[in-house]
Amino acid sequence: MKSKLLISKPLVSIITPSYNSGRFIEKCIKSVLAQDYSNIEHIVQDGVSTDQTKRILKKYQKPQYKGRIKIFLEPDKGPAYGANKAFIKSKGDVILVLNADDMLVPNACSWAVKNLARNPKIAAIYGDVQIIDGKGDDIKTEISSPYNFAKLICSELVIPAQATFIRRTVFENVGFYFDESLKNCGDYDLWLRVGLKYPIKHVNGIVTNFRWHDKSLTRNVHLIEDFIDQKKLVMDKLFQNPKTSQ
């Protein structure tokens with residue numbers, strides 16, 4: 001049986017959890033609207049921001065954006081919670097989580113659909129990122145390493161979540177959601193759950209402009225020690241789960 005991606009034009013769902021992202025949220029939305037692939041829905045799940053985000057999002061609730069941009073303003077408990085709420089509302093065959101301060105390059109979605117169609121047994125495709133600063137100026141190009149589960153489990157491989165497109169069926173089969181109990185490695189937990197059951201593939205190509213600025217979570221001085229603590233929780237959960245070996 002042919003892959004659905006080979007015989008149709010699949011819907012791509014871009015998931016963006018947001019909270020007080022007024023500095024960058026419009027650039028994020030515009031980067032999705034500028035895609036050269038037409039069958040996209042962009043779901044922005046905002047946790048009732050208190051800055052200018054609400055005013056900006058209101059612009060994209062106008063009739064001309066109906067079906068393309070779906071905006072929800074609801075209290076949440078953080079990015080993972082917001083992403084999970086957006087997943088439930090999404091309908092796409094392919095999913096990407098795009099942070100509110102990041103941007104897609106114009107051919108990102110067509111690149112993903114093409115490469116998933118070429119690799120029908122692959123669960124997820126990830127590319128490379130261009131790291132930019134708060135003003136949008138280039139800092140460096142980050143070329144991802146080829147996928148290797150052993151390196152992933154040892155934290156020697158970092159899969160860029162904002163440049164990784166995953167099939168919806170895979171999300172559903174591995175649990176679908178981010179673990180909301182994890183503070184800063186929910187994506188790491190997800191890629192482990194996926195990698196245990198399915199192949200993942202890196203394909204060369206810049207997919208996302210990843211913004212590194214003064215408010216970025218990755219600039220937290222306690223990031224490494226927090227990740228180590230969280231990784232232990234991930235490993236305990238992973239290897240104590242009777243479904244792990246299935």
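Analyst: What follows covers the overall chain, then a cavity, then some salt bridges. Keep in mind that this is a predicted model.

User: OK. How many helices and strands does the protein chain have?

Analyst: The chain contains nine helices and nine strands.

User: And how much of it counts as buried?

Analyst: Of its 246 residues, 50% count as buried. The accessible surface of the chain is about 12700 Å², and carbon and sulfur atoms hold 54% of that.

User: What share of the contacts comes from residues 24 or more positions apart?

Analyst: Counting contacts with a separation of 6 or more, 80% are between residues 24 or more positions apart.

User: New topic. How many cavities of 30 Å³ or more are there?

Analyst: There is one cavity of that size. The largest cavity holds about 50 Å³ of space.

User: Which residues line the largest cavity?

Analyst: The lining consists of Ile95, Leu96, Val97, Ala161, Thr164, Ile166, Phe171, Phe178, Leu190 and Trp191. By type, nine are nonpolar, one is polar and none is charged.

User: Which element gives the largest share of that lining?

Analyst: Strand E4 does, with three residues. At least two residues each come from E4 (94–97), strand E8 (164–167) and helix H8 (186–197).

User: Now salt bridges. How many are in the whole structure?

Analyst: The search finds seven. In one of them, the side chains of Lys59 and Glu26 meet at 2.6 Å, N to O. That pair joins distant parts of the chain, since Lys59 is in helix H3 (residues 53–59) and Glu26 in helix H2 (residues 25–33), 33 residues apart.

User: Is Lys59 buried, partly exposed or exposed?

Analyst: Lys59 is partly exposed, because its relative accessibility is 36%.

User: What about Arg193, what does it pair with?

Analyst: Arg193 forms a salt bridge with Asp189, with the closest N and O atoms 3.1 Å apart. Both residues lie in helix H8, four residues apart, about one turn of the helix. Arg193 and Asp189 are both buried.

User: And which residue does Glu172 bridge to?

Analyst: Glu172 pairs with Arg168, where the closest N and O atoms are 3.4 Å apart. The two are about one helical turn from each other because they are four residues apart in helix H7 (residues 168–174). Arg168 is buried, at 15% relative accessible area, while Glu172 is partly exposed at 46% relative accessibility.

User: Which residues are linked in a network of salt bridges?

Analyst: Glu74, Lys85 and Lys89 are linked that way.

Terms used:
Residues are numbered from 1 along each chain as its sequence is written. This is a predicted model: local features need pLDDT of at least 70, side-chain atom pairs count only at pLDDT 80 or more; totals for chains, interfaces and linings use all residues. Side-chain values use heavy atoms; hydrogens and water are left out. On a 1 Å grid over the protein atoms alone, a cavity is a set of points where a 1.4 Å probe fits but cannot get out, and a pocket is an open set with protein on both sides within 12 Å along at least five of seven lines; lining residues have an atom within 4 Å of a point. Grid points are joined across faces, edges and corners, and a volume is the space filled by probe spheres set on the points. Ala, Val, Leu, Ile, Met, Phe, Trp, Tyr, Cys and Pro count as nonpolar, Asp, Glu, Lys and Arg as charged, and the others, Gly among them, as polar. Buried means under 20% relative accessible area, exposed over 50%, partly exposed in between (1.4 Å probe, protein chains only). Contact means heavy atoms within 4.5 Å. Accessible areas come from the Shrake-Rupley method with a 1.4 Å probe; for residues, only the protein chains shown count as cover. A salt bridge is a side-chain nitrogen of Lys or Arg within 4 Å of a carboxyl oxygen of Asp or Glu.
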